[in-house]
Amino acid sequence: MGAEVVKVERPGTGDLIRHWDTAVRGLSSGYVWLNRNKRSLTVDVKKEKGREILHRLLRQADVFFENYAPGVAERSGLGYEKLKSLNPRLIYCSLSGYGQDGPYRDVKAYDLLLQGEGGIIATTGYPDKPARTSIAIVDIAAGMYAALGIVLALYQREKSGQGQFIDISMFESIVSWLGYFPHHYWHQGEEPERMGMRHHYVTPYGPYLARDDHYVNLAVATAQDWEVFCRQVIERPDLLADPRFATVEARRQNRAILEETIEKIFLERDHNEWLERLKKARLPHGEVRGIAQVLAHPQALARMLIREVESPVGKVPVVGSPLRLSASPARYDRIPGLGEDTESILKALGYDKDAIDSLRRDKVL
């Protein structure tokens, strides 16, 4: 979105995710995924001269973002009150596992652990076995709330002239994504069952296996959809007269017999025929694609979703930004090598060559 983002990393090692794998021609897949267009500054913030560099940088910055364990930034001389005294307009965002206070404040947090603590694992998988989601859903949820909070704070600063502190927790982020589950518990005393590929409260809804071993994805979300599905798609109008399937709640209560019936019907035809029928009936539907198929998806190609960016190992493909702003086009520049921008950043802050050389000798950089 046009921001200049300076990623502050440890000298010599950098962000720990840089070393998780070597999938991208020697680079970490996670690092390539998350660090496009950032500048990399290596500074040892445990040293006074390292903190001085950050303080100088922060006097002219709009936003400071950190995801240390609560209390670490303050002990390192990078707490909110200290940085606020340097720059009252600074937006300071802290992202942690459980937030800056409460009994779980100091508990270590990873995406997997928060999927368990936040109810995701208990509601995902099949009745006989739970599962985690395949993507780091808690990390992403918290990151998106952090980005949204920063944008809101920047907008408020345009009115007030003052910065503020943003406290984002992974736990709260994922609990806020539980959607209708808490309401079914509060009002009906229900703990949601694990439903595999099916919707917890709406049926038919989900992938169904066709005769040729390909899945067909569909959603029957309204009374009109249910009638069209029975008459035009599966050609079973008799189901419309069955009181067990007359409403969304009735179909849910009689899910077992309804699902068994529909699964048998879908095994009678190949997936392309079902897709054609669903398309003709104008019902919501889709395919279940593997990663290779997604990356070659005709819509991804038409929208130029896959881009190439420069990196320390040459040009590499990346998934582009889903944000498409008419006056703020996304940038696709490069993925930084460790410390690649240190010297240029320091020069812009007023450090001369001798000072930079001295900082290197002292292992501040």
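Buried means under 20% relative accessible area, exposed over 50%, and partly exposed in between, with a 1.4 Å probe and protein chains only. The model is predicted: local features need pLDDT of at least 70 and side-chain atom pairs count only at pLDDT 80 or more, while totals for chains, interfaces and linings use all residues. Residues are numbered from 1 along each chain as its sequence is written, and side-chain values use heavy atoms, with hydrogens and water left out.

**View A. Buried residues of helix α2 and their cover.** Helices (H or I, at least four residues) and strands (E, at least two) are DSSP runs, numbered from the N terminus. Helix α2 spans residues 48-58, and Gly-50, Ile-53, Leu-54, His-55, Leu-57 and Leu-58 in this helix are buried. An α-helix has 3.6 residues a turn, so residues three or four places apart point the same way. The cover over the buried residues of α2 includes the strands β1 (6-9), β2 (39-42) and β3 (63-66), together with α4 (80-86), α15 (342-348) and α16.

**View B. The two ends of helix α16.** A side-chain oxygen of Asp-352 comes to within 3.3 Å of the backbone nitrogen of Asp-354 at the start of α16 (residues 353-361). Just after this helix, Lys-363 has a positive phi of about 60 degrees.

View C. Two strands pair if DSSP finds at least two bridges between them. Strands β8 (residues 205-209) and β9 (residues 215-219) run antiparallel and are joined by five bridges; Tyr-205 has Ala-219 in β9 as its bridge partner. The two strands form a hairpin with five residues between them, and Asp-213 in the turn takes a positive phi of about 70 degrees. On β9, three bridges make an antiparallel pairing with β10 (residues 285-287), where Glu-287 stands opposite Val-216.

**View D. Surroundings of His-271.** His-271 belongs to helix α12 (residues 271-281) and is buried, with a relative accessible area of 10%. Its side chain makes a polar contact of 3.2 Å with the side chain of Asn-272. A polar contact is a pair of N or O atoms within 3.5 Å; within protein, one must be able to donate a hydrogen and the other to accept it, and residues adjacent in sequence count only if both atoms are side-chain atoms. Neighbours within four places in sequence aside, His-271 is in contact (heavy atoms within 4.5 Å) with Ala-210, Asp-212, His-214 and Val-216.

**View E. Gln-188 in helix α8.** Gln-188 lies in α8 (residues 181-188) and is partly exposed, at 48% relative accessibility. Its C-alpha atom is separated by 36 Å from that of Arg-289, 101 residues apart along the chain.
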